[in-house]
Amino acid sequence: MLLYTVMTQDGAEQRDVIAAELVRIHTAAMNVPADFVHSIFPTYSRNQAYVAANHSLASILGVIRAGHTSEEKTQLVQALWKMFQDNKGISDSDLSVALQEIPPSQAMDNGGIMPDVGHETVVVSGPPQILEELTRPEQRIEIGSDPTAKA
(Lines give C-alpha, C1' and ligand atoms only; values in the text may rest on other atoms or scores of the structure.)
Protein backbone atom coordinates (compact mmCIF):
# COMPACT_ATOMS: atom_id res chain seq x y z
CA MET A 1 0.00 0.00 0.00
CA LEU A 2 1.07 3.46 -0.73
CA LEU A 3 -0.76 6.45 0.66
CA TYR A 4 -0.16 9.92 -0.66
CA THR A 5 -1.50 12.76 1.45
CA VAL A 6 -1.61 15.95 -0.61
CA MET A 7 -2.28 18.92 1.66
CA THR A 8 -3.33 22.20 0.04
CA GLN A 9 -5.23 25.36 0.81
CA ASP A 10 -9.03 25.34 0.45
CA GLY A 11 -10.19 25.63 -3.13
CA ALA A 12 -7.39 23.55 -4.63
CA GLU A 13 -8.45 22.27 -8.01
CA GLN A 14 -7.31 19.47 -10.28
CA ARG A 15 -7.49 16.72 -7.66
CA ASP A 16 -8.55 14.15 -10.28
CA VAL A 17 -5.61 15.12 -12.51
CA ILE A 18 -3.15 15.02 -9.61
CA ALA A 19 -4.51 11.67 -8.34
CA ALA A 20 -4.10 10.16 -11.82
CA GLU A 21 -0.58 11.58 -12.05
CA LEU A 22 0.33 10.13 -8.64
CA VAL A 23 -0.70 6.70 -9.92
CA ARG A 24 1.19 7.13 -13.20
CA ILE A 25 4.38 8.37 -11.55
CA HIS A 26 4.40 5.86 -8.71
CA THR A 27 3.66 2.79 -10.84
CA ALA A 28 6.40 3.81 -13.28
CA ALA A 29 9.02 4.68 -10.64
CA MET A 30 8.34 1.75 -8.30
CA ASN A 31 7.08 -0.89 -10.78
CA VAL A 32 3.94 -1.75 -8.80
CA PRO A 33 0.25 -2.26 -9.68
CA ALA A 34 -1.96 0.84 -9.83
CA ASP A 35 -4.29 -0.46 -7.12
CA PHE A 36 -1.45 -0.11 -4.58
CA VAL A 37 -1.67 3.70 -4.91
CA HIS A 38 -4.09 5.60 -2.67
CA SER A 39 -4.39 9.36 -2.32
CA ILE A 40 -6.20 11.74 -0.01
CA PHE A 41 -6.53 15.50 -0.30
CA PRO A 42 -7.12 17.22 3.05
CA THR A 43 -7.31 21.01 2.84
CA TYR A 44 -6.67 23.86 5.22
CA SER A 45 -7.68 27.51 5.35
CA ARG A 46 -5.41 30.23 4.03
CA ASN A 47 -2.61 31.23 6.41
CA GLN A 48 -2.56 27.89 8.29
CA ALA A 49 0.61 26.42 6.78
CA TYR A 50 4.10 27.88 7.00
CA VAL A 51 7.68 27.33 5.90
CA ALA A 52 9.85 29.21 8.39
CA ALA A 53 7.65 32.28 8.99
CA ASN A 54 6.30 32.44 5.43
CA HIS A 55 3.02 31.00 4.19
CA SER A 56 3.23 27.66 2.43
CA LEU A 57 0.86 26.41 -0.25
CA ALA A 58 1.21 22.64 -0.44
CA SER A 59 2.85 19.50 0.95
CA ILE A 60 2.91 15.93 -0.31
CA LEU A 61 3.66 13.06 2.06
CA GLY A 62 3.96 9.57 0.58
CA VAL A 63 3.91 6.57 2.92
CA ILE A 64 5.65 3.76 1.05
CA ARG A 65 6.87 0.24 1.76
CA ALA A 66 10.48 0.00 2.88
CA GLY A 67 12.76 -1.78 0.43
CA HIS A 68 13.03 0.55 -2.55
CA THR A 69 16.46 1.80 -3.59
CA SER A 70 17.67 5.33 -2.87
CA GLU A 71 17.68 5.99 -6.61
CA GLU A 72 14.03 4.92 -6.95
CA LYS A 73 12.99 7.15 -4.06
CA THR A 74 14.96 10.14 -5.38
CA GLN A 75 13.44 9.69 -8.84
CA LEU A 76 9.97 9.45 -7.28
CA VAL A 77 10.35 12.61 -5.15
CA GLN A 78 11.69 14.59 -8.12
CA ALA A 79 8.87 13.41 -10.42
CA LEU A 80 6.24 14.28 -7.78
CA TRP A 81 7.75 17.73 -7.33
CA LYS A 82 7.77 18.46 -11.05
CA MET A 83 4.25 17.11 -11.58
CA PHE A 84 2.80 19.19 -8.78
CA GLN A 85 4.54 22.35 -9.94
CA ASP A 86 3.43 21.74 -13.55
CA ASN A 87 -0.21 21.20 -12.47
CA LYS A 88 -0.44 23.83 -9.75
CA GLY A 89 2.20 26.42 -10.71
CA ILE A 90 3.59 26.43 -7.15
CA SER A 91 7.06 27.86 -6.54
CA ASP A 92 9.89 25.88 -4.93
CA SER A 93 9.50 27.77 -1.67
CA ASP A 94 5.77 26.91 -1.45
CA LEU A 95 6.03 23.13 -1.83
CA SER A 96 7.43 20.24 0.18
CA VAL A 97 7.56 16.55 -0.77
CA ALA A 98 8.59 13.77 1.61
CA LEU A 99 8.49 9.98 1.77
CA GLN A 100 8.01 7.92 4.91
CA GLU A 101 8.82 4.20 4.84
CA ILE A 102 7.07 1.42 6.73
CA PRO A 103 7.79 -2.32 6.71
CA PRO A 104 5.46 -4.11 4.26
CA SER A 105 4.28 -6.37 7.08
CA GLN A 106 2.74 -3.33 8.78
CA ALA A 107 0.28 -2.55 5.97
CA MET A 108 -2.74 -4.26 4.45
CA ASP A 109 -4.30 -3.57 1.08
CA ASN A 110 -6.76 -5.47 -1.10
CA GLY A 111 -7.49 -7.84 1.79
CA GLY A 112 -3.93 -8.95 2.46
CA ILE A 113 -0.66 -8.06 4.11
CA MET A 114 1.54 -6.15 1.68
CA PRO A 115 4.31 -8.15 0.03
CA ASP A 116 7.97 -7.24 0.18
CA VAL A 117 9.18 -4.93 -2.59
CA GLY A 118 9.75 -7.02 -5.71
CA HIS A 119 7.12 -9.62 -4.74
CA GLU A 120 4.03 -7.62 -5.67
CA THR A 121 2.17 -10.55 -7.22
CA VAL A 122 2.19 -12.32 -3.84
CA VAL A 123 -0.36 -10.89 -1.40
CA VAL A 124 -1.13 -12.83 1.76
CA SER A 125 -4.76 -13.88 1.72
CA GLY A 126 -6.69 -17.03 2.15
CA PRO A 127 -8.89 -18.96 4.53
CA PRO A 128 -9.40 -17.43 8.00
CA GLN A 129 -7.22 -20.08 9.66
CA ILE A 130 -4.21 -18.96 7.61
CA LEU A 131 -4.81 -15.31 8.44
CA GLU A 132 -5.29 -16.27 12.09
CA GLU A 133 -1.88 -17.95 12.09
CA LEU A 134 -0.30 -14.85 10.55
CA THR A 135 -1.55 -12.64 13.36
CA ARG A 136 -0.12 -14.74 16.16
CA PRO A 137 3.10 -13.14 17.43
CA GLU A 138 4.73 -16.51 18.11
CA GLN A 139 4.18 -17.67 14.51
CA ARG A 140 6.47 -16.68 11.66
CA ILE A 141 5.07 -17.54 8.25
CA GLU A 142 6.82 -16.55 5.07
CA ILE A 143 4.68 -14.39 2.80
CA GLY A 144 3.06 -16.56 0.17
CA SER A 145 3.53 -19.83 2.08
CA ASP A 146 0.65 -22.06 3.07
CA PRO A 147 0.96 -23.12 6.73
CA THR A 148 -1.65 -25.84 6.19
CA ALA A 149 0.32 -27.55 3.39
CA LYS A 150 2.05 -30.80 4.31
CA ALA A 151 5.78 -31.01 3.72
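Which residues of H1 are buried? In this predicted model, the buried residues of H1 are Ile 18, Leu 22, Ile 25, His 26, Ala 29 and Met 30. They lie on the same side of H1, because the arc they cover around the axis is only 95 degrees. Asp 16 and Ala 28, on the other side of H1, are exposed. The partners against which the buried residues of H1 pack are E1, strand E2 (37-40), E6 and H2. The length of H1 was also examined: at 1.5 Å a residue, its 16 residues should span 22 Å, and the end C-alpha atoms are 22 Å apart, so the two values agree. The residue that follows H1 is Asn 31, which has a positive phi, near 55 degrees.

The largest nonpolar core comprises 24 residues, and the members that touch the most others are Tyr 4, Leu 22, Leu 76, Leu 80 and Phe 84. At least two residues of this core are supplied by each of strand E1 (2-9), helix H1 (15-30), strand E6 (58-65), helix H2 (70-88) and strand E7 (95-102). H1 provides the largest share, five residues.

Three salt bridges are present in the structure. In one of them, the side chains of Arg 24 and Glu 21 meet at 2.7 Å, N to O. Both residues of this pair lie in helix H1, three residues apart, about one turn of the helix. An α-helix has 3.6 residues a turn, so residues three or four places apart point the same way. Arg 24 is partly exposed, its relative accessible area being 46%. A pair within helix H2 is formed by Asp 86 and Lys 82, which are four residues apart, about one turn of the helix. The side chains of Asp 86 and Lys 82 meet in a salt bridge at 2.7 Å, N to O, and both residues are exposed.

A further salt bridge joins the side chains of Lys 73 and Glu 101, at 3.1 Å, N to O. Because Lys 73 lies in helix H2 and Glu 101 in strand E7, this pair ties together parts that are 28 residues apart in sequence. The relative accessibility of Lys 73 is 19%, so this residue falls under the 20% limit and counts as buried. Glu 101, at 38% relative accessibility, counts as partly exposed.

Both members of that bridge also contact His 68, a residue found in the loop between E6 and H2. His 68 is buried, with a relative accessible area of 7%. Its side chain makes a polar contact with the side chain of Glu 72, at 3.3 Å. When neighbours within four places in sequence are left aside, the contacts of His 68 are Met 30, Lys 73, Glu 101 and Val 117.

Technical notes:
Residues numbered from 1 in each chain as written. Predicted model: local features only at pLDDT ≥ 70, side-chain atom pairs only at ≥ 80, totals over all residues. Heavy atoms only, no water. Core = buried A, V, L, I, M, F, W, Y, C linked by side-chain atoms within 4.5 Å. Buried < 20%, exposed > 50% of the residue type's maximum accessible area, 1.4 Å probe, protein only. Salt bridge = Lys/Arg side-chain N within 4 Å of Asp/Glu carboxyl O. Expected span 1.5 Å × (residues − 1). Arc of directions from axis to C-beta. Contact = heavy atoms within 4.5 Å. Polar contact = N/O pair within 3.5 Å; in protein donor to acceptor, adjacent residues only side chain to side chain.
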